[in-house]
Every structure is written in structure tokens, then in C-alpha cells.
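Thanks for coming. I will take one chain today and go through it piece by piece.

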Amino acid sequence: MGLTHRLGGPTLRRRTILSAGLAATVLALPRLAGRPAAAADGPALRLHAKPGQAGLLPSADGGPTRIWGYDGLVPGPIVRARKGDIVDVELENGLDQPTTIHWHGVRIDNAMDGVPHLTQAPVAPGERFRYRFAVPDAGTFWYHPHHASWEQVARGLYGLLIVDEDDAPDVDREILFVADDWRLDADGRIDEGSFGGMHDWAHAGRLGNVLTINGQPPQQLSVRPNERLRLRMANTANARVFSFTLDGLAAWTVAVDGQPVPPAPTGRVVLAPGQRVDLVVDAPPAVGEAAIAEATGTPFTALGFRVEGEPIRPDPRSTPQALAANPLPAALDLAQAVQVDVVMEGGAMGMGPLRGSMGMHPHGPMPPVPDWGALAPRGLVWALNGVAGHPDAPLVTAMRGQTVVLHFVNATRWPHAMHLHGHHARVVARDGQEVAPEPWRDTHLVDPMQVASAAFVADNPGDWMLHCHMLEHQAGGMETWFRVTG
Ligand SMILES: [Cu+2]
């Protein structure tokens, strides 16, 4: 489905940009950090999942739209902590269905991971659950339900979890960039009739037709020449892989999925569902305009920059310093690693024997061929290792400290964003060929008919999900779990 940043069509775009709010609205997200505890032994923060309203469209074009959000807002309040802090949040369920909160990307205590039936009971309507956990890593993370997430996230239940470094990087301002696509009808309401539609489930997932950044239509940001920004980008869409181009801006990638990387110049950011990227962005040295454009279809402005006023400093700055490393586990032991295939099958144009064209060298017995004739009528159209839906047995049981290599074999015609809970992994081989280790990620985009081998140290005891973060693919069967003992 083609994406516009609004429903009215491209002819109205210019008016939207010209009438857009000022810079402050880009940052006008409520913040929970520092709120005093409600009681001596009570939670420091509360998040109330409930219906609300949001101005997803320019007011001239309709809305506000009825959404579900934390505290009725989209995005929900920012949960902000310092590296090593204890985050203490009580969820109250004001929805008419069960829910949980998953803290995406946090190397968290398993009991706080928010996966219904695996790490906790679902939180029934009217009930509460207190999440209390340490945040070992600084970086950009997010939170969202893990129950019926294909509906609950699509309706607006998500927010950022930001963990600050001990030494904040030297920038002039921080800008949040939480990208989502919404499927709205002609009246600006969430298209509810298409929830659960099998066409979406068997194809790319639920793609929207309206882009929001921070729950709003694209905005204009006023910056000064040579101003340095830190941009925290997150993709909270159900299924869309965003492609953002940076026009007229100098930018460096400084973190990926919350984990620092050596600063590298970039002009394009691809974000799969669930992924985050931190950029350092320098405004140009002269007054004028610049933009971040969304480019999966005809490019249009996702965030405009009006460069105006006196330069904030006389000259452009040089390459930013790297962020301090997070305490990731010690080196991978690839020689002794447990090798596990994760054969991804199913979906439209993929229920035939695509695995035969993958040139597979299996690490273990070939998984059974899924019986799609029996599975598809039950809404199960994707499989991992021949199993559609949550398997009884773990994909692998690793001893604490063991290195595990997951060989993602994408024998489908679709990309998938494979999300690993409780750990970060890095790609060490592609299509069976060793590559220089890639950045640590919690969510790996694996292209069709490709093999990506991602390695991690299983150092976090518990039962952990591994699933596609295209949420219709997960619900349609592309999920499994693994166990870390000890
Ligand atoms: Cu997928």
C-alpha cells in the first residue's frame, strides 16, 4: 500500500508543510522521568493503557482519531532513566482486552519481559502489573504490548524508553523521531474492518496509508546554521520497512538498536519494524531548507528543517565522538558455538518448496515441511523450522554464557524483521560467507532468499521469544522461543 503523509493526496502537501506547527511540537511529548514515587514503596511511574484521541492528520483534513494509547496518548509518555537505574512502572489496563508491556531491546530480567504465557500472565482488563527492572544499557529503546500486538500497536500503544549515558554526548538538542504508518479510512478513523485480514497476514503485513512522526503529521523544525542535533529514530509501525533519506544534512550513525557503533557518515536510514537508529545530525552552515524524506514510495518530507538565524557556531563541527560502550557480554566464542537453523517459510508465493533453492547446509536435521493445507485455514501462514505458531519445545536450550549462532534462512518471498528478546546479536556471516561482525542488534532485517547468521552470548537466563516483528507475520505463525539455563 502506498504511503502518503496524509489522506488528502499529494496536492495538499505544501499547505500542510506551510501550516505545520513549530519546533516545540516535535518535542512536545510528556516525560515521566523524575516524577516522585506515588508512595514510599509504590511504583515511580504509572502507565494507563486506555482509549484516547490523537491528531494524526492535519486538523483541516479530519480527526482527531480515536486511538488506544498509554495515558491515552500516542506515543505514550517517555520513560527515561539513566544507565544502571531501576525502572519501576505500574501498568494499568484500561482496555477491554488483556495486555502486557514488552520493553523492546532491554537486556532485562526475564520475569519483566512482558510476554504473555511465557514470562507472565496477561493483564486482564481493569488489572495492574508492576514492572521493575534494571536497565544495563544506555540507548534508545521502546515499549509496547506483547498481547495481540498486531492490533494494540496498530491502534497506538507504544512509547519510547530512553536510557541516558553517564556522559551525555555533546550536542545542542535532542530530537525524537518515532515513525509510524496508520491505516485510516476516508473519515480519518482507524480502519478496523481490515484487522485480521489474511491478505495482510500472508503478504507484507498491515501497511498504513498515513505517516506520523511522534504521533503527528510531518512537522517543520527550526534550526540554526551549524546546529548539532541528536536524533533518536524508531520504527513503531506494524510492518513497514521505512527508508529515510537525509537531504542537505550532515549525519553520522552513532547507535543501532540502542548499541553504540563507531560514528559513520550516512545519507539514508533503513528502519525495519522495531529497529532504532541514533544519529548525530548537523544543520547546514547557511540558512535555507533541509529535510528527512520518506522514500519507500514517492519521496515526501517526514521532517522539514528550516535553517534560520545566526549560526550557532562559526564553522561546521567535525565527526562526533563515539558513544561509550554498553556492558555487552564478553567476546563471542564462535569456535564452540551452538549452531541453530531458523528456517523461515510460508507467505504468499512461498508455500512451495523454496527451501530447495536456498543451497542449505543444515546444522542438524532438515525441519519437516509445514502442512499448509491444514495450517492456513487456522490463520497460520508462516513457519519457523516447520512449526507455525508457538512451539511446545524451545528452539534451542543454551547454557548460560554459551555462544549461539542463529542461521536465519529466509526461504520466503518477503523480508522479515527477526527480533530476539533479552539479548543483542550481531551478524557474523551472510549466505554462509563470514563477514566482518556487524553492529549488535535486537532486530535483524533478513531479505528474501537470504541467509543471515547472527551470533550472541546467551548470558541472560530465562525463556525468550524469537519472532518476526512484522506483527501480522508473528501472529500468523512466525514465532518461537529459546531457553537460557542457569
Ligand atoms: Cu516477517
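Let me begin with a loop. Met-449 sits in the loop between strand 27 (443-446) and strand 28 (451-458). When I say strand or helix, I mean a DSSP run, E of at least two residues for strands and H or I of at least four for helices, numbered from the N terminus. Although Met-449 is not a glycine, its phi is positive, about 60°. Met-449 counts as partly exposed because 16 other C-beta atoms lie within 10 Å. The cut-offs for that are as follows: a residue is buried with 20 or more other C-beta atoms within 10 Å of its own, exposed with 12 or fewer, and partly exposed in between, the C-beta atoms being placed from the backbone.

Before going further, two notes on the source. This is a predicted model, in which local features need pLDDT of at least 70 and side-chain atom pairs count only at pLDDT 80 or more, while totals for chains, interfaces and linings use all residues. Residues are numbered from 1 along each chain as its sequence is written.

Asp-431 is in the loop between strand 25 (426-430) and strand 26 (433-434). With 13 other C-beta atoms within 10 Å, Asp-431 is partly exposed. As background, most residues other than glycine have a negative phi, and most peptide bonds are trans.

The peptide bond from Gly-63 to Pro-64 is cis, with omega near 5°, and Pro-64 lies in the loop between strand 1 (45-54) and strand 2. The bond from Val-74 to Pro-75 is cis too, with omega near -10°. Pro-75 is in the loop between strand 2 and strand 3.

Now the whole chain. How many helices and strands does the chain have? There are 6 helices and 30 strands. The radius of gyration is 22 Å, close to the 23 Å from the globule rule for 486 residues, so the chain is as compact as a globular protein of that length. That radius is taken over C-alpha atoms, and the rule is 2.2 Å times the number of residues to the power 0.38. The C-alpha trace spans about 65 × 55 × 50 Å along its principal axes. Of the 486 residues, 50% are buried. Among contacts between residues at least 6 apart in sequence, 77% join residues at least 24 apart; a contact means that the C-beta atoms, placed from the backbone, lie within 7 Å.

The domain assignment gives domain 1 (10-164), domain 2 (173-307) and domain 3 (334-485). The contact between domain 1 and domain 3 takes 11 residues from domain 1 and 13 residues from domain 3.

An open sheet of 4 strands has the order 2-1-4-6 with mixed pairing, where two strands pair if DSSP finds at least two bridges between them. Its edge strands, each pairing on one side only, are strand 2 (65-70) and strand 6 (128-134). Strand 4 (residues 86-93) and strand 6 run antiparallel and are joined by 7 bridges. Within strand 6, Arg-130 is the residue opposite Glu-90.

Another open sheet has 4 strands in the order 3-8-7-5, again with mixed pairing. Here the edges are strand 3 (79-82) and strand 5 (102-104), each pairing on one side only. Strand 5 pairs with strand 7 (residues 139-144) in the antiparallel sense over 3 bridges. Trp-103 has Tyr-143 in strand 7 as its bridge partner.

Pro-145 is in the loop between strand 7 and helix 3 (149-152). Is Pro-145 buried or exposed? Pro-145 counts as buried because it has 29 C-beta neighbours inside 10 Å. Leaving out residues up to four places away in sequence, Pro-145 touches Thr-99, Thr-100, Ile-101, Gln-152, Val-153 and Leu-157. Pro-145 and Tyr-158 are 13 residues apart in sequence, and their C-alpha atoms are 7.5 Å apart.

Last, strand 10 (residues 210-213). Val-210 and Thr-212 on one side and Leu-211 and Ile-213 on the other are all buried, which leaves both faces covered. Strand 9 (residues 173-182) runs antiparallel to strand 10, with 4 bridges joining them. Ala-179 has Ile-213 as its bridge partner in strand 10.

Note on methods
Domain bounds come from an automatic or database domain assignment. Two residues are in contact if their C-beta atoms, placed from the backbone, lie within 7 Å.
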